[in-house]
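Welcome! Please take a moment with the sequence and the model shown here before reading on.

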Amino acid sequence: MENMIIIRFGELWLKGANRDQFVDRLMLNIKAALKGEEYSELKNEYDRFVLYASKGTDMKGIEAKISKIPGISNIAHGTIAKNDINDMIGKAKLLNAEKKSVRIEAHRSYKTDAFTSRDIISGFINAKDLGFGLDMKSSDRIYISVAKGRSFVYMDKVKGIGGLPVGASGKAVVLLSGGIDSPVASYYAMKRGLQPIYLHVHTFPSNKAAMQSKMPKIISMLSQFSPQSRSYYAPAHIFQSAVAGMPTKYELVLFKKFMYRLAERIAKDEGAKAIVTGESLGQVASQTVENLSASQHGISTLIVRPLIGMNKEEIIGKAKEIGTYDLSIQEYRDVCSIKIRNPATKTKPPMMERLYGEYGLQDALDRTYEKTSQA
Ligand code: ATP
Ligand code: MG
């Protein structure tokens with residue numbers, strides 16, 4: 001029996017002028033995610049992709065990988081039958097090994113004279129030894145799709161995450177911390193077609209040491225949604241020495257400003273069109289409207305904050321779902337975990353700009369940029 005997976009993509013973008021480009025990109029993304037998996041072929045068949053594999057292939061494993069790829073609305077597994085009702089019934093029995101009661105849905109995209117869709121349904125109703133029940137109201141369905149010369153028989157639609165293929169919206173520099181929020185922000189950015197380039201600012205003695213921390217594990221967990229991500233590691237110590245002696249209440253806002261600027265430089269190098277952060281409103285002192293405004297003052301790159309409307313519990317729920325939560329809560333010395341007592345909550349752009357200059361943060365940025373390395 002030949003195995004197949006039918007992959008359907010979102011419908012919204014199918015009508016636009018970018019359709020072909022998006023479809024090609026999705027195909028490449030699926031191939032990248034399945035690198036190393038054994039399957040025979042992945043084909044674009046009209047408004048869907050079909051993956052073919054021989055008997056004995058780990059279909060569940062392949063299915064699990066495909067279901068994580070943004071741009072796919074659902075997937076189903078199935079097989080091919082001859083254009084013969086008895087063969088369809090035989091194949092349906094093999095597919096429905098769990099003997100669930102099902103509803104049969106038959107559709108002819110190729111109109112043969114040999115039988116109608118109704119004939120197929122009648123064939124199932126009248127079949128002896130079907131081995132499973134037929135129930136018009138069942139949410140488990142077996143689909144029969146008649147094409148020229150053969151039919152597809154499939155069941156078990158698994159919902160995909162929808163959205164757009166990663167890359168369809170261009171690239172973005174994702175400011176990734178060791179916390180809970182930014183990995184979730186990265187997930188949402190990928191879901192809307194942004195290809196992430198990670199930037200992490202660390203407190204380790206060297207970039208190499210940071211690359212052996214939990215950070216690459218978080219990035220690797222996120223790569224199930226987009227395997228081709230790159231990452232940059234930058235040291236925090238140059239910034240930290242520069243601000244030593246400054247009233248600590250401004251440190252968070254200035255650190256944010258510093259990170260946005262570093263991200264903007266990397267975005268220029270990479271041809272990325274946006275910066276993504278895990279900020280939400282009012283979650284911590286640095287995230288007031290005033291402080292976010294003061295931090296982003298002078299940045300011309302679009303800053304995307306996918307979590308802006310989410311509550312902490314919602315973010316935690318999503319982090320668990322995408323598999324980053326357990327890594328995020330592992331102890332880690334993030335730059336911002338340096339506890340600052342009474343951080344300013346209503347900073348103003350001109351004053352922050354002045355402090356930035358007075359404490360030589362422009363020069364600190366140049367030096368940090370020099371010391372940033374790509375993993
Ligand atoms: P998170 O849970 O993502 O760490 P947070 O609730 O701790 O967020 P902040 O410390 O204000 O909030 O950080 C806000 C955002 O700034 C983060 O979501 C991330 O995008 C970015 N950020 C913070 N620290 C770093 C860092 N060390 N390196 C890169 N980006 C960072
Ligand atoms: Mg944090």
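## About the model

This is a predicted model, in which local features need pLDDT of at least 70, side-chain atom pairs count only at pLDDT 80 or more, and totals for chains, interfaces and linings use all residues. Residues are numbered from 1 along each chain as its sequence is written, chains are lettered from A and ligands numbered from 1 in the order in which they are written, and side-chain values use heavy atoms, with hydrogens and water left out.

## Helix α4

Let us begin with helix α4, residues 117–126. Helices here are DSSP runs of H or I with at least four residues, strands are runs of E with at least two, and both are numbered from the N terminus. Within α4, Ile 120, Gly 123 and Phe 124 are buried; buried means under 20% relative accessible area, exposed over 50%, and partly exposed in between (1.4 Å probe, protein chains only). The buried residues of α4 line one face of the helix, because they fall within an arc of 95° seen down its axis. That arc is taken from the directions from the helix axis to the C-beta atoms.

On the other side of α4, you will find Arg 118, Ile 125 and Asn 126 exposed. The buried residues pack against α3 (85–95), β5 (103–108) and β6 (141–147), where contact means heavy atoms within 4.5 Å. At the start of α4, a side-chain oxygen of Thr 116 comes to within 3.3 Å of the backbone nitrogen of Arg 118.

## Around ligand 1

Which residues come nearest to ligand 1? Of the 22 around it, they are Leu 175, Ser 177, Asp 181, Ser 182 and Val 201; a residue counts as near if one of its heavy atoms lies within 4 Å. Strand β9 (194–202), α5 (181–191) and α9 (251–270) each supply at least two residues of this shell, and β9 gives the most, with 3 residues.

An oxygen atom of ligand 1 is 3.0 Å from an N or O atom in the side chain of Gln 287. Taken alone, ligand 1 exposes 580 Å², and the protein buries 92% of that; these areas come from the Shrake-Rupley method with a 1.4 Å probe.

## Glu 45

Is Glu 45 buried or exposed? Glu 45, in strand β2 (residues 41–45), counts as buried because its relative accessibility is 8%. Leaving aside neighbours within four places in sequence, Glu 45 is in contact with Val 50, Tyr 52, Arg 150 and Phe 152.

Key. Polar contact = N/O pair within 3.5 Å; in protein donor to acceptor, adjacent residues only side chain to side chain.
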